[in-house]
Amino acid sequence: MTHTAVPISFWIAIGNKLVPFRLLLTGIVFSILPDADVVAFKLGIPYESDWGHRGFSHSILFAFSLSVLACVLSARFRTRIEIVLLYLFLSIVSHGVLDAMTTGGLGVGFLIPYSSERFFFELRPIRVSPIGIKNFLTERGVIVLKSEWVNVWIPLLSVSVSIFFLRTLARRIRLARADENKNGTVGSTTRTRK
Ligand SMILES: [Zn+2]
(Lines give C-alpha, C1' and ligand atoms only; values in the text may rest on other atoms or scores of the structure.)
Protein backbone atom coordinates (compact mmCIF):
# COMPACT_ATOMS: atom_id res chain seq x y z
CA MET A 1 0.00 0.00 0.00
CA THR A 2 3.03 2.26 0.29
CA HIS A 3 2.73 2.93 -3.45
CA THR A 4 -0.28 5.14 -2.61
CA ALA A 5 2.14 7.57 -0.91
CA VAL A 6 3.04 9.01 -4.33
CA PRO A 7 -0.44 10.09 -5.57
CA ILE A 8 -1.37 11.23 -2.04
CA SER A 9 1.79 13.35 -1.73
CA PHE A 10 1.33 14.89 -5.20
CA TRP A 11 -2.27 15.72 -4.24
CA ILE A 12 -1.19 17.44 -1.02
CA ALA A 13 1.52 19.39 -2.86
CA ILE A 14 -0.49 20.38 -5.95
CA GLY A 15 -3.87 20.91 -4.29
CA ASN A 16 -7.49 19.96 -4.71
CA LYS A 17 -8.11 22.51 -7.46
CA LEU A 18 -5.79 20.91 -10.01
CA VAL A 19 -6.19 17.35 -8.70
CA PRO A 20 -9.84 16.92 -7.68
CA PHE A 21 -10.83 14.14 -5.28
CA ARG A 22 -11.97 11.78 -8.06
CA LEU A 23 -8.61 12.05 -9.78
CA LEU A 24 -6.85 11.41 -6.45
CA LEU A 25 -8.89 8.20 -5.93
CA THR A 26 -8.09 7.05 -9.48
CA GLY A 27 -4.40 7.82 -8.91
CA ILE A 28 -4.45 5.74 -5.71
CA VAL A 29 -6.02 2.77 -7.53
CA PHE A 30 -3.59 3.16 -10.45
CA SER A 31 -0.58 3.25 -8.11
CA ILE A 32 -1.35 -0.22 -6.74
CA LEU A 33 -2.78 -1.71 -9.95
CA PRO A 34 0.54 -3.06 -11.32
CA ASP A 35 0.68 -5.58 -8.43
CA ALA A 36 -2.49 -7.26 -9.74
CA ASP A 37 0.10 -9.23 -11.70
CA VAL A 38 0.72 -11.45 -8.63
CA VAL A 39 -2.12 -13.50 -10.14
CA ALA A 40 0.64 -14.71 -12.51
CA PHE A 41 1.98 -16.92 -9.67
CA LYS A 42 -1.40 -18.70 -9.44
CA LEU A 43 -1.52 -19.09 -13.23
CA GLY A 44 1.90 -20.75 -13.20
CA ILE A 45 3.57 -17.90 -15.15
CA PRO A 46 7.24 -17.68 -14.06
CA TYR A 47 8.41 -14.58 -12.16
CA GLU A 48 11.02 -13.81 -14.84
CA SER A 49 8.49 -13.90 -17.72
CA ASP A 50 7.47 -10.59 -19.34
CA TRP A 51 3.95 -11.42 -18.08
CA GLY A 52 5.19 -12.39 -14.61
CA HIS A 53 5.33 -10.30 -11.42
CA ARG A 54 7.10 -6.93 -11.94
CA GLY A 55 6.87 -7.55 -15.71
CA PHE A 56 4.73 -5.72 -18.29
CA SER A 57 2.31 -4.26 -15.73
CA HIS A 58 5.30 -2.42 -14.20
CA SER A 59 6.55 -1.08 -17.56
CA ILE A 60 6.65 2.51 -18.77
CA LEU A 61 4.50 1.53 -21.79
CA PHE A 62 1.77 0.08 -19.53
CA ALA A 63 1.77 3.24 -17.38
CA PHE A 64 1.54 5.50 -20.43
CA SER A 65 -1.15 3.43 -22.21
CA LEU A 66 -3.39 3.23 -19.15
CA SER A 67 -3.03 6.97 -18.48
CA VAL A 68 -3.92 7.80 -22.10
CA LEU A 69 -6.97 5.48 -21.86
CA ALA A 70 -8.08 7.20 -18.65
CA CYS A 71 -7.94 10.56 -20.47
CA VAL A 72 -11.08 9.46 -22.35
CA LEU A 73 -12.85 10.07 -19.03
CA SER A 74 -11.02 13.36 -18.40
CA ALA A 75 -14.29 15.39 -18.38
CA ARG A 76 -15.39 13.43 -15.29
CA PHE A 77 -12.24 14.41 -13.42
CA ARG A 78 -13.11 18.13 -13.80
CA THR A 79 -9.57 19.22 -14.51
CA ARG A 80 -7.35 19.79 -17.52
CA ILE A 81 -6.60 16.72 -19.68
CA GLU A 82 -2.81 17.24 -19.44
CA ILE A 83 -3.07 17.20 -15.63
CA VAL A 84 -5.04 13.90 -15.79
CA LEU A 85 -2.42 12.37 -18.10
CA LEU A 86 0.61 13.53 -16.12
CA TYR A 87 -0.84 12.79 -12.66
CA LEU A 88 -2.01 9.27 -13.57
CA PHE A 89 1.19 8.46 -15.47
CA LEU A 90 3.33 9.49 -12.48
CA SER A 91 1.05 7.54 -10.11
CA ILE A 92 1.53 4.28 -12.07
CA VAL A 93 5.13 4.66 -13.19
CA SER A 94 6.20 5.51 -9.62
CA HIS A 95 5.11 1.99 -8.62
CA GLY A 96 7.95 0.46 -10.65
CA VAL A 97 10.37 3.14 -9.43
CA LEU A 98 9.68 2.21 -5.78
CA ASP A 99 9.88 -1.52 -6.57
CA ALA A 100 13.28 -0.94 -8.19
CA MET A 101 14.45 0.53 -4.86
CA THR A 102 13.58 -2.61 -2.85
CA THR A 103 16.01 -5.14 -1.46
CA GLY A 104 14.59 -8.32 -2.95
CA GLY A 105 12.69 -10.17 -5.64
CA LEU A 106 13.47 -9.69 -9.33
CA GLY A 107 14.04 -6.29 -10.87
CA VAL A 108 11.43 -4.24 -12.72
CA GLY A 109 10.72 -4.69 -16.44
CA PHE A 110 10.53 -0.97 -17.25
CA LEU A 111 11.21 -1.49 -20.98
CA ILE A 112 8.96 -4.52 -21.69
CA PRO A 113 8.00 -5.29 -24.52
CA TYR A 114 11.11 -3.69 -26.09
CA SER A 115 13.52 -5.37 -23.68
CA SER A 116 12.96 -8.11 -21.10
CA GLU A 117 15.78 -6.78 -18.92
CA ARG A 118 14.85 -6.32 -15.25
CA PHE A 119 16.16 -3.24 -13.45
CA PHE A 120 17.12 -2.28 -9.90
CA PHE A 121 18.45 1.14 -8.90
CA GLU A 122 21.81 1.53 -7.17
CA LEU A 123 20.00 2.97 -4.15
CA ARG A 124 17.78 0.26 -2.62
CA PRO A 125 16.84 1.26 0.93
CA ILE A 126 13.30 -0.23 0.97
CA ARG A 127 12.87 -3.69 2.46
CA VAL A 128 11.01 -5.93 0.00
CA SER A 129 7.42 -6.54 1.02
CA PRO A 130 6.12 -10.08 1.61
CA ILE A 131 3.38 -11.14 -0.82
CA GLY A 132 -0.02 -11.64 0.85
CA ILE A 133 -1.65 -9.95 3.86
CA LYS A 134 -1.06 -12.98 6.15
CA ASN A 135 2.71 -12.65 5.71
CA PHE A 136 2.48 -8.99 6.69
CA LEU A 137 1.29 -9.88 10.18
CA THR A 138 4.70 -11.21 11.14
CA GLU A 139 7.90 -9.74 12.56
CA ARG A 140 9.21 -9.34 9.00
CA GLY A 141 6.03 -7.44 8.08
CA VAL A 142 6.70 -4.94 10.89
CA ILE A 143 10.31 -4.42 9.73
CA VAL A 144 9.06 -3.83 6.16
CA LEU A 145 6.43 -1.32 7.34
CA LYS A 146 9.05 0.56 9.35
CA SER A 147 11.38 0.66 6.35
CA GLU A 148 8.55 1.95 4.11
CA TRP A 149 7.66 4.69 6.64
CA VAL A 150 11.25 5.83 6.98
CA ASN A 151 12.21 5.65 3.30
CA VAL A 152 8.97 6.53 1.50
CA TRP A 153 6.17 8.03 3.60
CA ILE A 154 8.16 10.39 5.82
CA PRO A 155 10.30 11.96 3.02
CA LEU A 156 7.37 12.30 0.59
CA LEU A 157 4.96 13.68 3.20
CA SER A 158 7.58 16.09 4.55
CA VAL A 159 8.15 17.57 1.09
CA SER A 160 4.47 17.66 0.09
CA VAL A 161 3.23 19.16 3.39
CA SER A 162 6.00 21.81 3.20
CA ILE A 163 4.91 22.71 -0.36
CA PHE A 164 1.28 22.85 0.87
CA PHE A 165 2.16 25.35 3.62
CA LEU A 166 4.28 27.45 1.22
CA ARG A 167 1.38 27.53 -1.27
CA THR A 168 -1.06 28.57 1.46
CA LEU A 169 1.32 31.30 2.66
CA ALA A 170 1.85 32.59 -0.91
CA ARG A 171 -1.93 32.70 -1.47
CA ARG A 172 -2.50 34.66 1.76
CA ILE A 173 0.21 37.17 0.82
CA ARG A 174 -1.35 37.56 -2.66
CA LEU A 175 -4.83 38.11 -1.17
CA ALA A 176 -3.51 40.61 1.40
CA ARG A 177 -1.72 42.58 -1.38
CA ALA A 178 -4.85 42.50 -3.57
CA ASP A 179 -6.88 43.84 -0.59
CA GLU A 180 -4.30 46.59 0.04
CA ASN A 181 -4.38 47.64 -3.64
CA LYS A 182 -8.20 47.60 -3.65
CA ASN A 183 -8.42 49.71 -0.48
CA GLY A 184 -5.78 52.08 -1.83
CA THR A 185 -7.72 52.55 -5.08
CA VAL A 186 -11.05 53.10 -3.22
CA GLY A 187 -9.33 55.60 -0.86
CA SER A 188 -7.83 57.62 -3.71
CA THR A 189 -11.17 57.63 -5.61
CA THR A 190 -12.99 58.91 -2.51
CA ARG A 191 -10.35 61.61 -2.03
CA THR A 192 -10.66 62.67 -5.71
CA ARG A 193 -14.46 62.94 -5.40
CA LYS A 194 -14.17 65.18 -2.33
ZN1 LIG B 1 5.03 -4.06 -7.77
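**Close-up 1. Gly 15 and the end of helix H1.** Just after H1, Gly 15 takes a positive phi of about 105 degrees. Helices here are DSSP runs of H or I with at least four residues, numbered from the N terminus. Inside H1, the buried residues are Ala 5, Val 6, Pro 7, Ser 9, Ile 12 and Ala 13; buried means under 20% relative accessible area, exposed over 50%, and partly exposed in between, with a 1.4 Å probe and protein chains only. A word on the source: this is a predicted model, where local features need pLDDT of at least 70, side-chain atom pairs count only at pLDDT 80 or more, and totals for chains, interfaces and linings use all residues. Residues are numbered from 1 along each chain as its sequence is written, and side-chain values use heavy atoms, with hydrogens and water left out.

**Close-up 2. The second largest pocket, with helices H1 and H8 in its lining.** About 210 Å³ of space lies in this pocket. Of its 14 lining residues, Val 6, Ser 9, Phe 10, Val 152 and Leu 156 lie nearest the centre. Helix H1 (5–14) and helix H8 (139–193) are the elements that give two or more residues to the lining, and H8 gives the most, with 6 residues. By class, the lining has 11 nonpolar, 3 polar and no charged residues. Nonpolar covers Ala, Val, Leu, Ile, Met, Phe, Trp, Tyr, Cys and Pro, charged covers Asp, Glu, Lys and Arg, and the others, Gly among them, are polar. As for the term, a pocket is an open set of points on a 1 Å grid over the protein atoms alone, where a 1.4 Å probe fits, with protein on both sides within 12 Å along at least five of seven lines; lining residues have an atom within 4 Å of a point. Grid points are joined across faces, edges and corners, and the volume is the space filled by probe spheres set on them.

Close-up 3. Asp 35 (OD), His 58 (NE2), His 95 (NE2) and Asp 99 (OD) lie 2.0 to 2.2 Å from the zinc ion. Donors are N, O and S atoms within 2.8 Å of the metal (3.2 Å for Na, K and Ca), and water is not among the atoms, so sites may look incomplete. Along the chain the spacing reads D-x22-H-x36-H-x3-D. His 58 sits in the loop between helix H3 (39–42) and helix H4 (60–70) and Asp 99 in helix H6 (residues 81–99), so this pair ties together parts that are 41 residues apart in sequence. Both His 58 and Asp 99 are buried.

**Close-up 4. Two salt bridges, Asp 99–Arg 54 and Glu 82–Arg 80.** The count comes to 2, taking a salt bridge as a side-chain nitrogen of Lys or Arg within 4 Å of a carboxyl oxygen of Asp or Glu. Asp 99 meets Arg 54 at 3.6 Å, N to O, linking helix H6 to the loop between H3 and H4, 45 residues apart. Asp 99 is buried at 6% relative accessible area, and Arg 54 is buried at 4%. In the other pair, the closest N and O atoms of Glu 82 and Arg 80 are 2.9 Å apart. Glu 82 is partly exposed at 44%, as is Arg 80 at 47%.

Close-up 5. Most residues other than glycine have a negative phi, and most peptide bonds are trans. Arg 78 lies in the loop between helix H5 (74–77) and H6 and is exposed at 64% relative accessibility.
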